[in-house]
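Here is a structure to explore together. Take a moment to look it over, then follow along below.

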Amino acid sequence: MAPFMIPPAHHPAPQAILQEVFGYSAFRGAQAPIVEHVTSGGDALVLMPTGGGKSLCYQIPAIARHRGGQGVSVVVSPLIALMHDQVGALEEAGVHAAFLNSTLSSEQAQHVEREMMSGRLVMLYAAPERITNPRFLAQLESLNERGLLSLFAIDEAHCVSQWGHDFRSEYLALSMLHERFPDVPRIALTATADDITRADIIERLKLEEARVFISSFDRPNIRYAIVEKDAKPREQLLRFIRDEHEDEAGIVYCQSRKKVEETAAWLESEGLRALPYHAGLDAAVRQRHQDRFLREDAIVMVATIAFGMGIDKPDVRFVAHLDLPKNIESYYQETGRAGRDGAPAEAWMTYGLADVVNQRRMIDESPAGEDFKTIQRGKLDALLALAEATDCRRVRLLGYFGEDSKPCGNCDNCLHPPATWDGTEAARKLLSCIYRFHQNGGQRFGAGHLIDVLRGKVTDKVTQYGHQQLSTWAIGAELSEQQWRAVLRQLISLGHVFTEGEYHTLALADTARSVLKGEVQLLLRVPSVAPKKGRSTRVASGKTRSTADAPDLDFEAQQRFESLKAWRAEVAKEHGLPAYVIFQNVTLAEMARQHPHSLDELAGISGVGSKKLEAYGREILRVLDAI
Ligand code: ADP
Ligand code: ZN
């Protein structure tokens, strides 16, 4: 490299901005090269897991370029609900930012536009439909002519792809940014994209020339667990929450609106603070519930997948699934909302035969074309394989995204290797029984009756159809009903058996032949009964409990932590912002632990930037010393 190839002198060093504005001492993972590349005008596609620190990848270049006289950065973000908090967080850190969306009055909007057009604004957040609005485009053109349009950041970039899990047609129009503003650098970011989605993003956003930064998808602080559904899944859920996550914030995903409402009401009746969230609720109610989830401690949000996109609450301690997600991308995305702050968190799912049947049926019955359905089926199969796995969940999960890894030591299968049994023989019995039904008059039956016949249980239906005469009558009395369900679930997961019609009657796929011939071995997990105890630090000695984001505080530090939280709650309320925007729990815990006695000492704590030090430093020292 030539000796004079130093970064352009007019950009302040990103590292200095990181410390001064955000109070962090070092970049994480790939942040440093990304920030460097984008600050100096390069295009980038960034794939980084949730919690990896994507925001800084465009915020720091935006600040650096603004200080270098290059004007305003435009951040495209799909959720208007979130812009308010993101902008609030930047302003708290002393960065001039604003958003434009339909919640503003026309005076407010005009004020923002003036700030933008003068070039004073560092970052402007806007929804994609705003960007393509002709009037707004004209403003961008005018800024650009004056050299004051600095950067486009496109957040949640997977929304541009049909293959992604959250396609939004408004994102398609963003392809014109490159044509209209070829000299303005662009950075697109996403936390989920398999190969097809990734290629699609590059093509649709015309990012062929962009540098691609792919981080590991691993979320080491998330512990994965998938348990077998018993007769009362809600109680399984409650036990999980009570045993592992009492008084912590979490999200519970259900498939239907009705189930969301029922589950939330039931958890509430059990003494938890649970709120429902789904697209059928009144917008004001939804907003209120989301606000409470963000702003209060320890709320359990029971939701359909309508909830969560872009929720950047850092201290969500668990995500639970009462129903199977659509595919691994959705599972990864939804579970990824836990533990953004890096402290231990848990992804828990309970899953059973009905889930498999439901998901298969939803694909079969969807109006989509056959090609699309084939892809969806393949994706579902991968998820089912993850659920049935007897080896490391993380290895499988990362493997799906093309990453090799070693057994993680932080999933249910690593921590408590499940016992397995060879279900090959059982599978053959089950398949022949379906085959006999078929031969015997072409009649089809569902799982319940099949298992009754296998186990030799005399019922009205058995008598009615004369099934005691079948050669497969009572050939499987050695297995329990639950074991038979596991065998069937596995066979459906693997596609050897499929279900049809309203009554989910069972039929054999062509591939069943290979199992019947004994060419395929079926290893099944022995269902675990007791819920697994996870963290050992849950209950600290005596009166105080440590939480995952504030572990190992001694009694006095714990008291300081509580006082700081109380102080923060007041500030947050006054500013109309979620508490974590003022300071995150991890930062408050560090203050409580280190107990600084001067502004200088306080400034050394991670998460304390210069603006916050100036605004709150004295207050914090007062709160700390008052104890
Ligand atoms: P993402 O958007 O990728 O999910 P965020 O940008 O919300 O992630 O960052 C996740 C968390 O990590 C935030 O709490 C953020 O403050 C913190 N963080 C990001 N980068 C750093 C860093 N270099 N040092 C310390 N904390 C960081
Ligand atoms: Zn593992």
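Let's start with ligand 1, which has 15 residues around it. The ones that come nearest are Tyr24, Gly51, Ser55, Arg340 and Gln584. Keep in mind that this is a predicted model.

Now zoom in on some atoms. Ser55 has a polar side-chain atom 2.6 Å from an oxygen atom of ligand 1. Arg28 also points a polar side-chain atom at the ligand, 3.0 Å from an oxygen atom. With Ala26 it's the backbone that matters: one of its polar backbone atoms is 2.9 Å from a nitrogen atom of ligand 1. On its own, ligand 1 has 560 Å² of accessible area, and the protein covers 86% of that. As for where it sits, ligand 1 is in the largest pocket.

Finally, zoom out to the whole chain. It's divided into four pieces: domain 1 (8–214), domain 2 (222–416), domain 3 (421–525) and domain 4 (550–625). Going by C-alpha atoms, the centres of domain 1 and domain 3 are 55 Å apart.

Conventions:
Residues numbered from 1 in each chain as written. Chains lettered and ligands numbered in written order. Predicted model: local features only at pLDDT ≥ 70, side-chain atom pairs only at ≥ 80, totals over all residues. Heavy atoms only, no water. Near = heavy atom within 4 Å. Polar contact = N/O pair within 3.5 Å; in protein donor to acceptor, adjacent residues only side chain to side chain. Areas by Shrake-Rupley, 256 points an atom, 1.4 Å probe, with all protein chains shown as cover. 1 Å grid on protein atoms, 1.4 Å probe; cavity = no way out; pocket = protein on both sides within 12 Å on 5 of 7 lines; lining within 4 Å. Sits in = over half its atoms within 2 Å of the grid points. Domains from an automatic or database assignment.
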